[in-house]
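Q: I am new to reading models like this one. Please pick a single part and take a close look at it with me.

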Amino acid sequence: MSTPHAAAPEVFDELDPHGMGAYTKHSHHIVSGMTLISILMILLGFTAVTVGAAQVEKWIEASLHYELPRWVNVLVAMSIATVKATLVLMFFMLLRYSNPINTVVFLFCLLAFALFLFFTLLDLSTRGMINPIKAHQVEAGGIGGIRAGWRADAPIINQAPVVFWRERKIAAVGIERYNELKNILTHPHEHHAAAPVSSGNLSGNRPGITPGLFEAAAPEAHDAHAPHGSAPAHAPAHAPAEPAKH
Amino acid sequence: MTTLDTRSNPLGADVHGQSPGWKKYLPGHHWRTADEEFDACTLGFWLFLATEVLLFAGLFVGYTILRYKFPQAFTNGSSYLDWRWGTLNTVVLLLSSYTMAASIRAFQLDRQKQGKILLSATFIFGLVFLLIKFTFEYTPKLSGWFIAFDPALPHYAALVDGEALWGLFKHVEGYGGKAPGQFFSYAFSEDPWEPLWWSIYYCATGIHALHVIIGMTLIAWCFRRAVLYKAYGPSHYTMVENTGLYWHLVDLIWIFLFPLLYLIH
């Protein structure tokens, strides 16, 4: 492909002092106002769709008493987000009109992200193939051994902070008041069924952890005060039997 | 299709005695043409945006690992967030992206006043985003202090145990302490791994909010240059273009953060 020789300009152009326009000058695209407004409307529409989809998923789960697999939520949300992101990139960030090298840069960046995510998921999803224990988290006790607060002189608690702060609150206000507070404070917006057992307990072998530590919302000892016959708010419906071996 | 031609905008006379910024702008002497300089600046900025995406990629992968390992902690944690604030903030950011793109268009067409109004609108939308985030989300969750007109406050009316600044702020017993990692002190969690959710939530939204603040600073700077010496016009608008790219990236990140944080169940 031959490159045209730069013709001597008739009028001296300050923005092209060397008369190199034939090599590097181009026209800048101005997106029409109508396009910008339309893209905004489409983006707002997709926002409504993604919120609606999440509500529909919740409605299906509540009315059919069926828990949708987690990937449904992720796949639907991420597909809509990808469409929205593409629109923003093409029309607001002008990739559709600008130098194609910009698009190449961005796509290579996404490729790096995809590799990062792919190998992470490959690792996460295949840990159980050799040793089933490793399919789940192996460390025990939540994030234990942290300081009880941000001050340098705060005591180090050798316990999951969730348990530490729960015990502290119960000690301070008593179990009845604790349950009252909990009823008002927990899940104010949606009343979906909380899973009866924590994910910590759904894991496999957790050597070293106190058995049954996370089984109920409140420790068993305190539930003795609850009236007879009434199950605790988050009683484990099908708590797995604690392994006998220690 | 409207196109720009630098040749059709020769050096002009001063307008109202002001320095006609963009008309006087000349490319650096090491560039052959102004367009070559524009392309190089934009390419450089896209390379920077790639590093920004990779910064957030680390957060998204961290999110993936923790949600894969502790799904219940994420479901519980997300249920403390109100999707209505998240949706409102998404709409605010989308509107701000629109005003940003429209302000670049205005400067390309040398509509100085319109461009400045749209830049200010973008700045104000950014401010609204931050105000919503800090007033209705961060502050109550971290400290238990609600602003008096918070629509969620009536639900907790029975638990109000203090007020400050002549009743402008009200404290709700037990609500606060939903903080990341070792700052966590919320007493009503149902999952031992919920502090991890809060770590991801505050890292992701906090770094995003930092980007909003940086973007607003750049917009304010663009605005100042436009007001002081008409810095942008048809043949030179590189800075406002790159500021726009940065702002759209902030919007882009939020498009993914919003469903991942607010819409899981």
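A: Some ground rules come before the tour. Residues count from 1 along each chain as its sequence is written, while chains are lettered from A and ligands numbered from 1 in the order written. This is a predicted model, in which local features need pLDDT of at least 70, side-chain atom pairs count only at pLDDT 80 or more, and totals for chains, interfaces and linings use all residues.

Start with the whole chain. Read from the N terminus, the order is α-α-α-α-α-β-β-β-α-α. The C-alpha trace of chain B spans about 70 × 45 × 30 Å along its principal axes. Of the 265 residues in chain B, 47% are buried (20 or more other C-beta atoms within 10 Å of their own; exposed means 12 or fewer, partly exposed in between).

Now zoom in on the sheet. The three strands make an open sheet, ordered S1-S3-S2, and the pairing is antiparallel. S1(B) covers residues 145–147 and S2(B) covers residues 160–164. These two strands stand at the edges. Each has a single partner strand, so one side of each lacks a neighbour in the sheet. From one strand to the next, the twist averages 35°.

Look at one pair. S1(B) joins S3(B), residues 169–172, through three bridges in the antiparallel sense; DSSP must find at least two bridges for strands to pair. Within this pair, Phe146(B) sits opposite Lys170(B), a residue of S3(B).

H5(A) runs over residues 161–173, which makes 13 residues. After H5(A) comes Gly174(A), with a positive phi near 90°.

Arg96(A) lies in the loop between H3(A), residues 70–92, and H4(A), residues 100–126. Arg96(A) counts as partly exposed because 13 C-beta neighbours lie inside 10 Å. His29(A) is 67 residues from Arg96(A) in sequence, yet their C-alpha atoms are 9.8 Å apart.

Notes:
Helices (H or I, at least four residues) and strands (E, at least two) are DSSP runs, numbered from the N terminus. The expected span of a helix is 1.5 Å times one less than its number of residues. Axes are lines fitted to C-alpha atoms, for helices over the stretch in contact, and angles run from 0 to 180 degrees between N-to-C directions.
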